[in-house]
Amino acid sequence: MWREPWTVLPRRGKEWLKRQAGQSGKQGKLFYRETDLTNYMGVTPMGSKRVSTWSGIRNKLENDYLCPALRGHIQYFAVSYSRSADHEGRAAIRLDGVEILRSNYYDYDQNYWDRYKKLRVSLPDENDPGLPFRLAHEGALKDGCFDNWLFYEAFHIFDNQSIEKSLVCENPLVRIFALLDRRLGKRRLLALAAVMEQELEWVRAFYVIRMQAEGLMTFP
């Protein structure tokens, strides 16, 4: 499902961003172009190779990509809140039915805007007006805050690039998908040990899960 470029923003920021892209008339009628919004957020339309439903995304993650050692143990979950204006929701990764990673729109929203307000103060003369938005988004993701839409977006990035690129992707959710990927063999897993020492703790947890499932690391 293709989303307009500004929908990566939490709801409180969408109308503001549209007005920044262009405003005219006494009533403040909005006039904006996709290119303007793309330049603000650094977001471009994704490729044509897409899975448009959550069931399709989950099937690919759990059956096509997931390593055999974790099939039946790792489950991906995402849902949208039926009464929310933009179908925001939550997403999670479960291990044997227990959610070991989870977040939702409201956690992301709070983290994002707290960061954005601080960045606007610390970067008052920044020539790039989109920088505070991007940094706030990247910081929220690094804190493990995301919603269902960002989960879908991470999958589409992962699904349209090589395993090598996914392992070093700036998006931590993409790196998790890569660490659980069947294309990542045991030799490569062992070679990642030093890199994982510098990884985000909540991402590194999935490396440990994979290593234990493959018999490469014993339980403490």
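Guide: Leaving aside its neighbours within four places in sequence, Ala 213 is in contact with Ala 69 and Leu 70. Keep in mind that this is a predicted model. Ala 213 belongs to helix H11, which covers residues 201-213. Is Ala 213 buried, exposed or something in between? With a relative accessible area of 31%, Ala 213 counts as partly exposed, because that value falls between the 20% limit for buried and the 50% limit for exposed. Now look at Cys 67: Ala 213 is 146 residues away from it along the chain, yet their C-alpha atoms are separated by 9.5 Å.

Next, follow H11 to its partner, helix H8, made of residues 172-179. How do you describe a pair like this? Two packed helices are described by the angle between their axes and the distance between the axes. Here the axes of H8 and H11 come within 9 Å and cross at roughly 5°. That makes the two helices roughly parallel, because angles under 35 degrees count that way.

Which residues meet there? From H8 you get Pro 172, Leu 173, Arg 175, Ile 176 and Leu 179. Facing them from H11 are Trp 202, Val 203, Phe 206, Tyr 207 and Arg 210. Sort the residues of this contact by type and you find 8 nonpolar, 2 charged and no polar ones.

So that's H11: Ala 213 touches Ala 69 and Leu 70, and other residues of the helix, Trp 202 and Phe 206 among them, take part in the contact with H8.

Note on methods. Residues numbered from 1 in each chain as written. Predicted model: local features only at pLDDT ≥ 70, side-chain atom pairs only at ≥ 80, totals over all residues. Heavy atoms only, no water. Helix = DSSP H or I, 4+ residues; strand = E, 2+ residues; numbered from the N terminus. Buried < 20%, exposed > 50% of the residue type's maximum accessible area, 1.4 Å probe, protein only. Contact = heavy atoms within 4.5 Å. Axes fitted to C-alpha atoms, helices over the stretch in contact; angles between N-to-C directions. Parallel < 35°, antiparallel > 145°, perpendicular 65-115°, else oblique. Nonpolar A, V, L, I, M, F, W, Y, C, P; charged D, E, K, R; others polar.
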